[in-house]
Amino acid sequence: MRRRPDVRGSGEPEWSPARLLGALVVSALVALALLAGLVLAVVGGLKEQPDERDAARQAAAPSRDMSRHDALAAAPMSTADPHDALPGPVSNQAAGVLELPRATGVGPTDVPTGFPRTPEGALAQLAAIDVTAMQSGSMDGVRRVIAEWAAPGGPTSETWSGVDGMANLLSAAGLSGAGSPQLAIVVRPVMGLIKGTVGEDFAVVCVNFEFTVTVEQTSRIAIADCQRMAWVGDRWVIGPGEEPAPAPSVWPGTEAAIAAGYRDLRHV
């Protein structure tokens, strides 16, 4: 769930969440800005990771021929203005549908599992991993999930972008790593896309989530996550290597979401 700085066609760097927050603060809608600031901190944490962590992860990964996997993961995706992540007008245009299988069991750390060995199964598993991790509302929760659901050489309990995202959210809320009974996080996978596959055992998939965060007040924002998914044993896990190029975080159902290639998720 990383966000890297993107360079737009005009040569101007895309606005970061921090810059967006600053613009909102100086606007007349100060109250909205303060509310949006909490969840915008999540976007920054989920999309950015320090270079030294990437280097350490690559050094620790086992030697492997992953050229096709790496090329698919690293291929850039469309960009979007950070404003598009905030609630916006829903389009009349049909987005198309991705039919996802339902879980048939519960795996480690209570993550739903049992999805088939298909790209749609990989997407459904990623959604289940992210929802369970982020709705835990604590650092321990996200760390336990990624420790059980990443292959060797993949993200760890220290390097995963989801861990950074939770740390930023709790910090912005003035909470400790244990979270708070007053903190409520609801993560709903609404749209998604299959970026590509390499054989039957590897896929890069992206889920566009609607995040609802409540700490005294409620705020909503879209956050997208793309991951390498690898079939290991009898289940999909987050695969080895760098996390993929980020997909745009855009409010589900909008013109921007449809233009980015997202389709509505439907469970069958």
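The model is predicted, so I took local features only at pLDDT of at least 70 and side-chain atom pairs only at pLDDT 80 or more, while totals for chains, interfaces and linings use all residues. Residues are numbered from 1 along each chain as its sequence is written, and side-chain values use heavy atoms, without hydrogens and water.

**Strand β1.** I found β1 (residues 97–100) joined to β8 (residues 263–267) by 4 bridges, and the two run parallel. Strands pair here if DSSP finds at least two bridges between them. Helices (H or I, at least four residues) and strands (E, at least two) are DSSP runs, numbered from the N terminus. I then checked the faces of β1. Buried means under 20% relative accessible area, exposed over 50%, partly exposed in between, with a 1.4 Å probe and protein chains only.

**Cores.** I listed the nonpolar cores, which are sets of buried Ala, Val, Leu, Ile, Met, Phe, Trp, Tyr and Cys residues joined through side-chain atoms within 4.5 Å. The largest has 45 residues, and Phe211, Met229 and Ile238 have the most contacts inside it. Elements that give two or more residues to this core include β1, α5 (119–135) and β6 (217–232). Its largest share, 10 residues, comes from α5. Another core, of 15 residues, lies apart from it, with Met191 and Tyr262 among its members.

**Helix α6.** Which residues of α6 are buried? I noted Met139, Gly141, Val142, Val145, Ile146 and Trp149. They cover an arc of only 165° around the axis, so they lie on the same side of α6. The arc is taken from the directions from the helix axis to the C-beta atoms. These buried residues pack against β3 (112–113), α5, α7 and β7, with contact meaning heavy atoms within 4.5 Å.

Gly154 is in the loop between α6 and α7. Gly154 counts as buried because its relative accessibility is 4%. I also checked Glu243: its C-alpha atom is 8.1 Å from that of Gly154, though the two are 89 residues apart along the chain.

**Rings.** The charged end of Arg235 sits over the ring of Trp149, 4.3 Å from its centre. The rule wants NZ of Lys or CZ of Arg within 6 Å of the ring centre and within 35 degrees of the ring normal. Trp231 and Trp236 are both buried.
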